[in-house]
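Please keep the sequence and the structure in view while reading.

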Amino acid sequence: MKKPVLLLGWAFVIYVCITTYAGAQETAKVSVRQIGPSVYFYKVSNLSNNPISSLMIGYNCNLKNSDIEESQLTIEPTAVESPVGWKGYPVFVEESQYLHIYWRILDHAYSISPTGSIDGLIIYMPQPYDLMRQTYFTVIYSSGNLVESCAKIEVDTSTTILFDGKGQRPFDVNTFLAYLRPMEAQTTLPQGQNTYNLLIFYGKTIISETFKATLNGIDIKRSFKPKPDTSEAVKLNLQKGRNTLVLSVDGIRDDGKRATDTDKLVFIVPK
């Protein structure tokens, strides 16, 4: 028997219509962005009348315990990240190869209220895994008694909202380098954390060989794989205090001229 394992674990949008066991219609809008080959970034919007207290990927609440379905997950993530006030981890199904990715609130103040939403639910897989976009997504509402609702994930393309790093022409040059994470120029990490997963998007007209990256003055460009119109997750190893990441790349502007996009991102690691 496998014990539950706790791990730290372009754009697709999923619209999920959910029916509760009680027969009332509950709805949620769930979006997932695939970053590079194997990182999956989820956002959940609550369109119901009840708060959402937990979430699960890879679990179909309509199946009986004895039922096994091909869409259940079998590959363990390398890391699972959570937004503030939530905790996520993989849970193995007893006496089987299957697992779910489960998120729960740490306090009721962090539940997803009606009309509210959260993002930053991130799963890092060791390899590309289409089931992260095709399996079941279960939402658990808390309204006195816990109520489970679930549906098959449906995938649709959508425009990705990114942080462009500022500083250059916003309609073309600033798009050479853009970020889903972070979403601002300065980020303070939680106490005790000294690594950060950067989620970066490269523009369609970048010139890859011009890419540069330094962290606290040290060349780290080998950690990146810049290619036009792609994205990737890059793990940064940070030191206590202030860390400065400087990224730059040349690209072709809308008028055909060449320009450079340079971004400075600051990460504060509490001492």
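The model is predicted. Strands of a sheet are held to one another by backbone hydrogen bonds, and the pairing is either parallel or antiparallel. The structure includes an open sheet of five strands and an open sheet of three strands. It also holds seven aromatic pairs.

- Strand E6 covers residues 86-92, and five of its seven residues are buried, so the strand is largely enclosed by the rest of the structure.
- Strand E7 (residues 99-105) pairs with E6 in the antiparallel sense, over seven bridges.
- Within this pairing, Lys87 has Arg104 in E7 as its bridge partner.
- The two strands E6 and E7 form a hairpin, with six residues between them.
- Glu95 lies in the turn of this hairpin and has a positive phi of about 55°.

**Aromatic side chains**

- A pair of aromatic rings is described by two quantities, the distance of the centres and the angle of the planes.
- Among the seven aromatic pairs of the structure is the one formed by Tyr89 and Tyr102, with 5.8 Å centre to centre and 65° between the planes.
- This pair is edge-to-face, because planes over 60 degrees apart count as such.
- Tyr89 belongs to strand E6 and Tyr102 to strand E7; the two residues are 13 apart, and the pair links distant parts of the chain.
- Tyr89 has a relative accessible area of 17% and is therefore buried, since buried means under 20%.
- Tyr102 is buried as well, with a relative accessible area of 19%.
- One aromatic cluster is formed by Tyr42, Trp103 and Phe137.

**The five-strand sheet**

- The strands of this open sheet stand in the order E13-E19-E18-E15-E16, and their pairing is mixed.
- Strands E13 (186-188) and E16 (218-219) stand at the edges with a single partner strand each, so one side of each has no neighbour in the sheet.
- Strand E19 (residues 258-269) runs antiparallel to E18, and 12 bridges join the two.
- Gly241 has Val269 in E19 as its bridge partner.

- Is Asp250 buried or exposed? With a relative accessibility of 14%, Asp250 counts as buried.
- Asp250 is found in strand E18, which covers residues 241-252.
- The side chain of Asp250 is joined to that of Thr260 by a polar contact of 2.5 Å.
- Leaving aside neighbours within four places in sequence, the residues in contact with Asp250 include Phe176, Thr205, Ile206, Ile207 and Thr210.
- Arg258, Ala259 and Thr260 are also among the contacts of Asp250.

**The three-strand sheet**

- This open sheet has the order E12-E14-E17, with antiparallel pairing.
- Its edge strands are E12 (177-181) and E17 (231-237), and each of them pairs on one side only.
- On average, neighbouring strands of this sheet are turned by 35° against each other, direction ignored.
- Strand E14 (residues 195-202) and E17 are paired over seven bridges in the antiparallel sense.
- Phe201 has Ser231 in E17 as its bridge partner.

**A charge over a ring**

- Which ring does the charged end of Arg181 sit over? The charged end of Arg181 sits over the ring of Tyr196, 4.3 Å from the centre of that ring.

Definitions and conventions: Residues are numbered from 1 along each chain as its sequence is written. This is a predicted model: local features need pLDDT of at least 70, side-chain atom pairs count only at pLDDT 80 or more; totals for chains, interfaces and linings use all residues. Side-chain values use heavy atoms; hydrogens and water are left out. Buried means under 20% relative accessible area, exposed over 50%, partly exposed in between (1.4 Å probe, protein chains only). Helices (H or I, at least four residues) and strands (E, at least two) are DSSP runs, numbered from the N terminus. Two strands pair if DSSP finds at least two bridges between them. A polar contact is a pair of N or O atoms within 3.5 Å; within protein, one must be able to donate a hydrogen and the other to accept it, and residues adjacent in sequence count only if both atoms are side-chain atoms. Contact means heavy atoms within 4.5 Å. Axes are lines fitted to C-alpha atoms, for helices over the stretch in contact, and angles run from 0 to 180 degrees between N-to-C directions. Rings of Phe, Tyr and Trp (its six-membered ring) pair if their centres lie within 6.5 Å; planes under 30 degrees apart count as stacked, over 60 as edge-to-face and the rest as tilted. A charge sits over a ring if NZ of Lys or CZ of Arg is within 6 Å of the ring centre and within 35 degrees of the ring normal.
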